[in-house]
Structures are given as structure tokens and as C-alpha cells.
Amino acid sequence: MKLVSTRDINKQIGSAEAIVAGLSEDGGLFAPTSFPRFSLEDVVGISNYSDLVGFIAAAFLSDFTQEELSTIAASAYKGFPKSAAPLVSLGQSTHILELYHGPTLAFKDFALQFLPRLLTMALKKTGIDKTSVILAATSGDTGSAALEGFGSVDGVKVCVFYPQSGISNVQRLQMTSQNSENTKVIGLKGNFDDAQSGVKQIFSDKELAAHLSEKGYIFSSANSINWGRIVPQIVYYFWAYATLVRTEKVTLGESVNITVPTGNFGNILAAYYAKKCGLPVHKLICASNSNNVLSDFIKTGEYDKNRAFHITASPSMDILVSSNLERLLFEMHEHDDRAVRALMNQLMSSGYYKISNKALQAMQDSFYAGYVSDAETLKCISDTWRKCGYLSDTHTAVGIKVHEEYAEKTGDATHTIIASTASPFKFADSAILALGGHANGDDFKRLEHLSQMSGISVPHVLRDLSQKEELHKTVCSPCEMKRQILDWLL
Ligand SMILES: *Cc1c(COP(=O)(O)O)cnc(C)c1O
């Protein structure tokens, strides 16, 4: 299968090349030309997670064999639980898909443990003999997951920019304590959108690319715009469905809803792609915090990023421009690249666009959206703990609450998979507050405190952090990002 740019369908490209490039030169994202259809019998019949990765990913990454992809998955996910993503049922029809049992305790590990291995192989397949430089903007979790995934891979260097305010201390420490030589971690005087647009600008700087190419470097992206990150995320939705069938909670072919706490629109896009490939999904429920651009967009068809930016209790979703939405627009406009280009140009120039009624209708056929405030999020953590004895993190709680509101409003009692995107210990302060405690003492005291309140032990990767030193101390403003990279590489 070839991939095309969402802004120019005449630009066809193989999967290995797309992985290496990250973003298309015209600014578009790589998207599939068509969708394979997987038989649910086949999916349910595959009981090993890595085998399912091979089965599904091979259809989207045709430069790689099924066997190669299964092998990459086996190595990428070897530290994960055997079930990869445990499914925990809260009551009859609500099922929490815990995607946070990887090395950095967030769902991004699924993609970011997979991508470096895929990229190394993609470089070989495309015959590129250069050191790949991964640049990532992070709202918190991408950074540590990228550093964890790429840090020890030969022939790759990683540079991560994180917004100085708006991420937790533990998140920062997870990144700045990285001691592999091929990593660079920089705090940005700005928010996530500043970091993301700075990275995008560097990626589209042709002069810089040519200069670095002479020195033996090639840029790649680990952000969720890379096609190699979307593919492994499609797999776990099929896996979750298969788990529900195997445990006889749903019958083969029965529809489910999928709720995803959403920021950059990568995770929920993967769920939508799964639907396109035959996963029986009734509604995709897009859950936001008070940065509610997406829920307004899905309700009205108007995307308007000209609004106040809020730092919330679910900081990994504090985003006003969701990059992966472009891939959904591409589907909603039936691969009309001119339409997508026009919308993206409007977004660039005015921060606003409106889609046609037809595209809006198509979007609402598949999607429902809602958002919740921080107060509601904390109350949801508290209620879920009290009623079900289940402790969720703030991001997941946004999903749980929006789903609850959806179910009340529509009366839809379809079985629902809620993506749980992070461990509650990653955002311990909010969890402590929600359970009625006080977040006192240093970070590690608070982790212990949460452990005592909940009876759940502190994940060892976080406990070990307390022994580590903050090694990366660089801070810069958005206009200095390029300079920092040059200084580091040359
Ligand atoms: C990144 C992240 C999200 C948002 O996921 P997107 O794919 O960007 O929509 C939600 N929750 C957590 C914990 C995250 O790290």
C-alpha cells in the first residue's frame, strides 16, 4: 500500500520512506490511500499481542514483512505485561483499556517503543546511510517516551523540547534525568503549541536540512504525525475488542463505542482507522478538557484556535492545534487534497476554518465530543474510586466523565472501551486531591502518600527516579530552538 500526502495525493510514497520523512514536504501528513479489511474471526484467533501487531501493521507498512513487524513488536513490548493492555471492567458495559503499563507509564510507549526499531529498519530499506535526528515537541509524555524508546538505539539522536510550565515535576525529571549520550532535552519558554510549531518550522527548513545532510544527519519526527506512530495504535483497539469477545462480554460482530481522552488527535484517529478496517464501532467519543477546541469543532464544524489557552489538570491534552486532525479532514473530504490544503492554509493565516455541512455530517456520523472542567475531572476520579474502587489518572477521568455524560444524554448503553492513557501516579497530586488528601512534601513523598491512600504500590520506574539527577538544564525561547540544535549537533 502506498501513502499519500493529505495536501497532495499525487505525491505517493512507500511506507519506509514515509517513516523516515515523518512529514510530507508540502506540510501535509502521510495517509493511506485505502483501508484493508480485517476479519474479526482472524483477529480474535490471534492470542499473542506481537503476532496481532504483525498481522495488522503489515497491511499499513507494506515495505515490511509481517514477520519483521512481529519481531519488532516482540522486542518493543517485551517489558509490557503479557496482555500488553489489560482491560478492566467498571460495571456491566464500561471497560477501561489500560494502555499505561510501558516504561514511561503512558500510552505513548506503544508507539514510541515500536517506532525507533521501525525507523532503523526503514533507514536500511531506503538505503540512507545517515544518523537520524529525532526532534520532538512534547506536552509531557511524548518526551520521556521518545527518550526511553530512542535513547539506546544506535544511529539515532533525540532532541526533545518541553514547555517549561504546564508539565509535572515527575514528567520533567523523567526527561531531564536521561543520561544516554545521544539525547538532548530543552525546556522552552512557551507552551506546547510554541514547541510544536517551532519543531514544525525546523522540519520545513530546507536550507537547514541540506546543511545537516552534508554533515551526515537526517531529521525524523517522533511526534504523533509520524505514520509509524499511528499504526501500532490501531492494533490495541482490535486487541481490546478481541479481549471482550474472548471473555464473552460482547459477541463477535457486536458494536462497541470507543472513548478517548484527546489532545493531538493521534490516539482517537487510530481508533477511527480501526473502524475503517472493520472494527465494529458505533461511536467514537472524543473527550477534551477545558481546551475544548475539538469538542466545539465536532459539534459545529468550526475550528477556532483563537481562544484562551488553559493549563489544566490533564496537561497532556492542553493543545489548541491538533495535528492529526488533518488526517481526519482528509477522510471527511473523501481524499480531496485541495480542500484539505485550503483549510490548513486558513488555519495558518487566521487560526480558523469551517468545514462543509457534508463533511460535518460525515464526522458526526462517527464522532461524538464533549469536554469537562478540572473540577469535574477531580470529582470523577473521586466518584469512580468510591463507586468502583478504581483509581484513574486525570486524562482517563476526562474520558470516563465525557462518556458518562454521553450515555446519560443519548441513552446509548453500547459496551464502551475507554482508553486509559496514563498511570494515576504520573499525575499524583491531582489523584491525592481527588481522594481527599493534601499534596504535601516533595514529589516522592507524594507518590508514597498516594500509594498509602489507594493501596496501590508506586510503579518502580517512578520510585527509581528519586535516585536520579537532573542532567539536562538547557532552557531557551522559541526563536532559539534552531540555534540550540545546531550547537548540539555540530
Ligand atoms: C498524549 C496524551 C493524550 C492525548 O493523546 P493524543 O493522541 O495526542 O490525542 C492523552 N493522555 C495522555 C496521558 C497523553 O500522554
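This is a predicted model: local features need pLDDT of at least 70, side-chain atom pairs count only at pLDDT 80 or more; totals for chains, interfaces and linings use all residues.
## Ligand shell

Residues are numbered from 1 along each chain as its sequence is written, and side-chain values use heavy atoms, with hydrogens and water left out.

## Polar contacts and cover

Polar contacts are pairs of N or O atoms within 3.5 Å. The side chain of Lys 108 places an N or O atom 2.5 Å from a ligand oxygen. Gly 263 uses a backbone N or O atom, 2.7 Å from an oxygen of the ligand. Thr 421 has a polar side-chain atom 2.8 Å from a ligand nitrogen. On its own the ligand has 380 Å² of accessible area, and the protein covers 98% of that (Shrake-Rupley method, 1.4 Å probe).

## Cysteines

The whole structure holds zero disulfides (cysteine sulfur pairs within 2.5 Å). Cys 476 is in none; its nearest cysteine sulfur belongs to Cys 479, 8.0 Å away. Seen from Cys 479, the closest cysteine sulfur is that of Cys 476, and 8.0 Å is too far for a bond.

Their accessibility can be set side by side. Cys 476 is buried at 0% relative accessibility, whereas Cys 479 is exposed at 72% (buried: under 20%; exposed: over 50%; 1.4 Å probe, protein chains only).

Notes. A polar contact is a pair of N or O atoms within 3.5 Å; within protein, one must be able to donate a hydrogen and the other to accept it, and residues adjacent in sequence count only if both atoms are side-chain atoms.
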